[in-house]
Structure formats: structure tokens, C-alpha cells
Amino acid sequence: APPPPEVTPAARSAAEAPARSQSSGGVGDALLALLCDPNIASKRWVVRQYDHEVQGGSAVKPLVGPAGEGPGDASVLRPKAGSHKGVVLGCGLAPHLSEKATAEGLAEDGDSYWATLAAVDEAVRNAVCVGADPSRLAILDNFCWPRCTDPAQLGSLTRAAVACYDGAMAYGSPFVSGKDSLSNQFVTESGRVITIPPTMLITAMGVVEDVRKCVTMDLKRSGNALLLVGPADVVAGAMGGSFYRRVWDAQAGTGAIPRVDLALGPAAAKAVAGWIGEGRVASAHDCSEGGWLVAAAEMAIAGGLGLRLSCAGDAVSAFGEAPSRYVLEVSAEDAGALAAQAEAAGLVCIDLGEVIEAPRLGWEVGGVDVAVEALFEAWTAPLDW
């Protein structure tokens, strides 16, 4: 393995930020802190240890963008030489919304039911972002739970199983396989029981007719608009289990966890997939850990371009993790028409700002002005071993 790079002062400062409170910094400092969180930070060192280029069939790789640094939403494989059909593989998981979030004081109502639905929703989003048809996806489950001889853990597992049924029915995505690991805990010499969070990993699989039409998450062209599309957040300020509360401000927003809307979640997937199929989306990225501002920063990192954000909002809106949301780069001329179509589908479409040539992320309302290079340093430093 290559030696770790030297950690710059900017990255070191960002890595130390989680130990501080929100009062000691603004949205920009919080953004750098979140990019440094191991759950959000770049996994490129690990990704590059394994072969994802068997016979050169990877149409969309795990790392995307001109420099191959961006965190792709899903991979697309072209298994048959001579054919442009591809297989999409996307994953989703949200253990930070489970009962353990409540036990750790990060949420008021952590629940494996909603954590599992969030995983289903994220897996679908990731597949859709590269060009999959959400009406033709199959999914797999991977249960990772503490020992279920504990009645509370068995109840949690049951809630997750019910969510699997509800999610599959709502998204029209059948479960075709899965596995389970139901004894993920450890007892210390003193008798203390240490358990993992109840964790459901969902994998979504689908077929794209032409891999040449797939979309990646890296910003493409200066002058394009950046949109946030999805259901309206029915619980204003629901920050329970969020990474912002975990690493920056444990009291931000309400402690309620965000919940998937089983009507609007599929509607958002259908709308975005339709726009991608029509060639109206230059780049797409799912909005998950860290919220839309982290997603936008990742798109800038991947594309090497900047963003001039002009939307209203605050830290809670920027870092909230409401499900079923997509950050899309589209032409400025098409933004209004897409917003009207989103509204007709019962969704909201927020104009976040525009892509700019200068590699800098600026958001005057949020008090953010940071070079994309500094974002990249913060994002890569923690796990670049």
C-alpha cells in the first residue's frame, strides 16, 4: 500500500472540528468536519485495493470524474462484450437511524423499521442516479443484528422484516435473495455486552439498455443549475441520527428521525429516472449522509468545478438527512420546466445555485467560502492510509 499523504493544516483543522461545538464555527467549518467523518470521507484507498476492471467491463466505476476521485452512487458493469447493455449495482444502509441512535442520545425515536426503509430508498436512489429504471429493480437484504435471544433485538429484527415487505411493495422491487448475520455482539471480561447497531444493507440491481447514456455524479459544465428534488420534509428540522448531530451539534433541530414517504419516495425516483432517460440531467447524486451541502461538495470535488449557491437555508436545512432527495445538475434553460414537472408530481424542487468554473464553493447565506481543494483535502485525509 502507498504511504499516507502528508496531512495539510486545513485537513488537520477539519479533522479536529468534531470535538468543537457549533458555536465555535459556522456552516463552512461544519462542512469540513462532516467530510472528515469516516462514514462520509473518501474510501478510495480501499476501493483501489480490489479489482473492479475485470475484462475492462466497468462502464461506471466506483470512483468517477475526470480524475477518478468522486464517490460514484452505483457501479455499472457491461458483462457481455459487444453489447451496450449494463447491470447496475447500488447499495443503501442507515444504521444511524436505528434504536441505537436513541440509546446513544442522538435521536428520540430511532427505529429499525425506518432505518430499513431508508436503506431501501437509498439503494433505489443510488441505482436511479446512474440511469436505472426504478420500476425494473430487484433488491437483496443483508441483516446484521445483535443476538436475537434478547427480546428487544428480536423485536427490532421483526420491525425490519416488516419494513422490507412495505418497501418492496411500495417501490415495486422484489427481494430475490439475501443473507443474515444475527450474533454481532461481544461480551467483555467484565460482562459488559457491546452490540453493533441493528443494520440492514440493501443492494439494488437493474439493467440499463445503453451504458453510454449512464450519468455520473461529477459536475460537468459551468453555467448549469443545481437542483434539489424530493418530497417536502414533513418533519421540519428532523435531525435525529444525523451525522451533523453526531459530529458537530448534538442539539441541532429536533431529535426525530426522518421517515420515508412510501408514496413520494417512489414518485421522486420515477421523476428523476425519467429526466435522466430523456438526457436532461448532466450529473446526479443521491442526498444521504451529511445532507445536500455535503452531496454538493462531493459533486464539486469529483468534477473539479465550483458552485455558487444562492438558496435560502441554514445549517439544519443544509445538513438534514431527509430521504428520497436527489441533487441534480441540469441546464439553466431547463431548470424551470423540471421544477414545474416536480411540483406536478407532488415533489419540491429547490434551485440551489449554479456551477462555476472557479474551483470554489460559496454560499453567502450560509457564510461558506471554501476552495474545492480544501474540501478534497478534508475528504481524503482521514482514510488515505
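I began with contacts in the protein (heavy atoms within 4.5 Å): among those with a separation of 6 or more, 79% join residues 24 or more positions apart. The model is predicted, so local features need pLDDT of at least 70 and side-chain atom pairs count only at pLDDT 80 or more, while totals for chains, interfaces and linings use all residues. Residues are numbered from 1 along each chain as its sequence is written, and side-chain values use heavy atoms, with hydrogens and water left out.

Overall form. I looked up the secondary structure and found 12 helices and 17 strands (DSSP runs numbered from the N terminus; helices are H or I of at least four residues, strands E of at least two). The radius of gyration is 20 Å, close to the 21 Å from the globule rule for 385 residues, so the protein is as compact as a globular protein of that length. This radius is taken over C-alpha atoms, and the rule is 2.2 Å times the number of residues to the power 0.38. I noted a C-alpha trace spanning about 60 × 50 × 50 Å along the principal axes.

Burial. I found 51% of the 385 residues buried (under 20% relative accessible area, 1.4 Å probe, protein chains only).

Helix pair. I looked at H5 (residues 112-130) and H8 (residues 264-277), which pack at about 10° with axes 9 Å apart. That makes H5 roughly parallel to H8 (angles under 35 degrees). H5 contributes Asp-121, Val-124, Val-128 and Cys-129 to the contact, and H8 contributes Gly-265, Ala-269, Val-272, Ala-273 and Ile-276.

Note on methods. Axes are lines fitted to C-alpha atoms, for helices over the stretch in contact, and angles run from 0 to 180 degrees between N-to-C directions. Angles under 35 degrees count as roughly parallel, over 145 as roughly antiparallel, 65 to 115 as roughly perpendicular and the rest as oblique. Buried means under 20% relative accessible area, exposed over 50%, partly exposed in between (1.4 Å probe, protein chains only).
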